[in-house]
Amino acid sequence: MTAGAAGDAVARLVRDEGTRVLATLIRVTGSVDIAEDAAQDAVVRALRTWPADGVPDNPRAWLLVTAKRRAIDILRREARRAGKEAGSVDLTDHEPARDDLLRLVFTCCHPTLAVQTQVALALRTLGGLSTAEVARGLLVPEATMAKRLTRAKQKIAQARIPYRVPADEELPDRLAGVAATVYLIFNEGYAAGAGEDLVRVTLTTEAVRLARLLAELMPDEPTVLGLLALLLLHDSRRETRLDAAGRQVLLADQDRSRWDAELIREGVELVGAGLRRTPDTPNSYVVQAAIAACHALAPRYPETNWAAITSWYDVLLTVQDTQVTRLNRAVAVAELHGAAAGLALVDALDGLADYPWWHATRAELLRRTGRPDLARAAYERALALGLNAPQAEHVRHQLVDL
């Protein structure tokens, strides 16, 4: 392994373990801000020393001890600033750390916080995104996002929002926000809203891990079964979504022999379990996972069962009737009945003028129906609205072909 590759591997390890350390620190210090400062200090020290000295046998323990020392220093400094006797600060941890990330996701998604604030806080703390990245992903100015995150942390402290997994009777009311947040973390990793990378493996891996923790906590809950199935089925294609040069590879062109068969098997089984538990009322995550399963089980792209996928989208619309869902259904209709049929559905949608994928989808269907000038304008509009680097390169390649 080259020095550069080794350094990258260390950086990934530090980021992965740093999130778990942060979760534990928030529990033992009771402060998101102090925990973030201490965890960041430990991360910086690790990135400075590990490449030269070697990775410790227990990286997480090293980070946690280092971060706790920093947290103690911060607490003592704040005590002196407040004119109090600093004394000894005890951060001895007597609780198992296994569920700290789960505690943190439920804290971030507490119902007293606005939904957008829940998502922003979870992306910042659990997803490890910078404030600028969270702002870009949620389409708000960075200064606005910084204020929103500060207010959220203050509210957690002032309202004494408990840092715990809720009691069983509280779980159903809290699950929707938690599931949505985990799904958004996965989506940001699966197809980043901006930046140089199409895939951010740290985020997708963390989202899958959180979904598995939820499945352990609520093994018979359809939302959890569907969520985990959906993430696994999408993640099964990870290795084939970029070529050797880092360019995006579309679903139709991916090497299906390299898809992760074990993840597909597990995902399909979870879909079956979710469907058995929702015989009368569809669950949106289970239905989306069923759509993903149709793609995963097709031996080749031309053998995709577009009729089944279109039917599943019809079911999804009964519980999640959004313009994006209708856009995705239009793509399936285009494959089933032809580009003109899909284009008619796309053009009938409202409210997506600022959504780059509405323009990119429309451009592709215009291209297929022999209208290159209109297709070119739609591709250019998609680029102007912002895509990550591999997606933008693909769209520019389509423009060159036109």
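**Entry 1: neighbours of D235.** I began with contacts, keeping in mind that this is a predicted model. Leaving out residues up to four places away in sequence, I found that D235 touches F186, T204, V208 and L263. I then placed D235 in its element: this residue belongs to helix α10, which spans residues 222-235.

**Entry 2: burial of D235.** Is D235 buried or exposed? I looked up its relative accessible area and got 11%. Buried means under 20%, so D235 counts as buried.

**Entry 3: a polar partner.** Which side chain makes a polar contact with the side chain of D235? I found R238, at 2.9 Å.

**Entry 4: cavities.** For the volume of the largest cavity I wrote down about 30 Å³.

**Entry 5: the lining.** I listed the residues that line the largest cavity: I26, V32, L104, T107, C108, L121, T125 and I156. By class, I sorted this lining into six nonpolar and two polar residues, with no charged ones.

**Entry 6: where the lining comes from.** I checked the helices too. Both α4 (100-108) and α5 (115-125) give at least two residues to the lining of the largest cavity. Which element supplies the largest share of that lining? I noted α4, with three residues.

Note on methods. Residues are numbered from 1 along each chain as its sequence is written. This is a predicted model: local features need pLDDT of at least 70, side-chain atom pairs count only at pLDDT 80 or more; totals for chains, interfaces and linings use all residues. Side-chain values use heavy atoms; hydrogens and water are left out. Helices (H or I, at least four residues) and strands (E, at least two) are DSSP runs, numbered from the N terminus. Buried means under 20% relative accessible area, exposed over 50%, partly exposed in between (1.4 Å probe, protein chains only). A polar contact is a pair of N or O atoms within 3.5 Å; within protein, one must be able to donate a hydrogen and the other to accept it, and residues adjacent in sequence count only if both atoms are side-chain atoms. Contact means heavy atoms within 4.5 Å. On a 1 Å grid over the protein atoms alone, a cavity is a set of points where a 1.4 Å probe fits but cannot get out, and a pocket is an open set with protein on both sides within 12 Å along at least five of seven lines; lining residues have an atom within 4 Å of a point. Grid points are joined across faces, edges and corners, and a volume is the space filled by probe spheres set on the points. Ala, Val, Leu, Ile, Met, Phe, Trp, Tyr, Cys and Pro count as nonpolar, Asp, Glu, Lys and Arg as charged, and the others, Gly among them, as polar.
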